[in-house]
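Let's take a walk through a protein model together. Keep the picture open while you read, and look up each residue as we get to it.

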Amino acid sequence: MGKEFKKKSIVLIGFMGAGKTTAGELAAQKLNWGFIDIDQEIEKKFGMPTKEIFKKYGEEAFRTYEKNIIELKTSEEGQVISLGGGAFMNEVTRNTCLANTVVIYLDISWDAWKKRFEQLVDTRPVLQGRDLNEIEELFSKRRILYSHHHFHILTDNLSPDEVADEIVNFI
Ligand SMILES: Nc1ncnc2c1ncn2[C@@H]1O[C@H](COP(=O)(O)OP(=O)(O)O)[C@@H](O)[C@H]1O
Ligand SMILES: O=C(O)C1=C[C@@H](OP(=O)(O)O)[C@@H](O)[C@H](O)C1
Ligand SMILES: [Mg+2]
């Protein structure tokens with residue numbers, strides 16, 4: 001028997017709403033790889049949406065479980081793994097992903113993101129109680145850490161399917 005070919009997993013990073021979940025699932029289908037959405041894993045564990053987890057258990061509990069599940073899932077191969085937008089702020093997570101996986105940054109400009117705000121505000125706990133100026137500040141702060149990646153896709157003028165194609169072409 002020949003050696004089995006194992007593929008490094010892909011990790012998608014970027015600000016909330018950039019399309020990590022949507023494009024990640026499509027890319028996994030195209031590659032015939034597994035798909036793991038870290039938020040969905042956390043929601044399964046807690047049995048409630050992320051917004052409720054933040055309310056009931058607090059952000060710290062969410063972040064701790066998030067870090068641990070990423071550690072676990074990035075040890076698997078041949079997976080497309082969509083992170084939540086805040087996960088990459090954790091240094092351990094960043095180092096693990098950069099060392100063990102192919103990190104792809106789904107970038108979106110602030111102008112394009114603003115148009116998606118209404119679509120996101122009801123479900124994203126981090127947006128609750130923040131005005132657009134505060135969100136832009138968070139956007140700029142996080143962007144600095146997203147600069148650590150292996151491949152970058154500017155998604156502003158791309159459909160989810162086109163983003164998935166870019167991911168597949170890179171791999
Ligand atoms: N390339 C895109 N163009 C337009 N809308 C998109 C694109 N990618 C995702 N969306 C939409 O933006 C919202 C957030 O997408 P999602 O995949 O959940 O992002 P993330 O996982 O990065 O938070 C969804 O309503 C989705 O349909
Ligand atoms: O940016 C963040 O801190 C978060 C982003 C969300 O994921 P998406 O980036 O998939 O929206 C989710 O993990 C949670 O609401 C926190
Ligand atoms: Mg997502």
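## Before we start

This is a predicted model: local features need pLDDT of at least 70, side-chain atom pairs count only at pLDDT 80 or more, and totals for chains, interfaces and linings use all residues. Residues are numbered from 1 along each chain as its sequence is written, while chains are lettered from A and ligands numbered from 1 in the order in which they are written.

## The whole chain

The chain has nine helices and five strands. Both are DSSP runs numbered from the N terminus, with helices being H or I over at least four residues and strands being E over at least two. Follow the sequence along and you'll read the pattern β-α-β-α-α-α-β-α-β-α-α-α-β-α. The radius of gyration is 16 Å, close to the 16 Å that the globule rule gives for 171 residues, so the chain is as compact as a globular protein of that length. (That radius is taken over C-alpha atoms, and the globule rule is 2.2 Å times the number of residues to the power 0.38.)

Along the principal axes, the C-alpha atoms fill a box of roughly 60 × 35 × 25 Å. Of the 171 residues, 32% count as buried. Here's the scale: a residue is buried if 20 or more other C-beta atoms lie within 10 Å of its own, exposed if 12 or fewer, and partly exposed in between, with C-beta atoms placed from the backbone. Now for contacts, which need the C-beta atoms of two residues, placed from the backbone, to lie within 7 Å. Among contacts between residues at least 6 apart in sequence, 79% join residues at least 24 apart.

## Around the two ligands

Which residues come nearest to ligand 1? Of the 17 residues around ligand 1, the nearest are A18, G19, K20, T21 and T22. Two elements give two or more residues to this shell, α1 (20–31) and α9 (160–170). The biggest giver is α1, with four residues. A residue counts as near a molecule if its C-beta atom, placed from the backbone, lies within 6 Å of it.

The shell of ligand 1 splits into six nonpolar, nine polar and two charged residues. (Nonpolar means Ala, Val, Leu, Ile, Met, Phe, Trp, Tyr, Cys and Pro; charged means Asp, Glu, Lys and Arg; the others, Gly among them, are polar.) Ligand 2 has its own surroundings, including M16, G17, K20, T21, D39 and R124. Its shell holds three nonpolar, six polar and three charged residues.

## Two helices that meet

Two packed helices are described by the angle between their axes and the distance between the axes. Helix α3 (residues 50–57) and helix α4 (residues 59–73) have axes that come within 6 Å and cross at roughly 120 degrees. That makes α3 oblique to α4. For the angle names, under 35 degrees is roughly parallel, over 145 roughly antiparallel, 65 to 115 roughly perpendicular, and the rest oblique. The axes themselves are lines fitted to C-alpha atoms, for helices over the stretch in contact, with angles running from 0 to 180 degrees between N-to-C directions.

On the α3 side, T50, I53, F54 and Y57 make the contact, and on the α4 side E59, A61 and F62 do. By type, the contact has five nonpolar residues, one polar and one charged.

Is G19 buried or exposed? G19 is buried, because 22 other C-beta atoms lie within 10 Å. You'll find G19 in the loop between β1 (10–13) and α1. Not counting residues up to four places away in sequence, G19 touches L106, T155, P160 and V163. For contrast, N32 counts as exposed, with 7 C-beta neighbours inside 10 Å. N32 sits in the loop between α1 and β2 (34–37), and its phi is near 60 degrees, a positive value in a residue other than glycine.

L145 lies in helix α8 and is partly exposed, with 14 other C-beta atoms within 10 Å. Leaving aside neighbours within four places in sequence, L145 is in contact with F88, M89 and R94. L145 and R94 are 51 residues apart along the chain, and their C-alpha atoms are separated by 8.7 Å.
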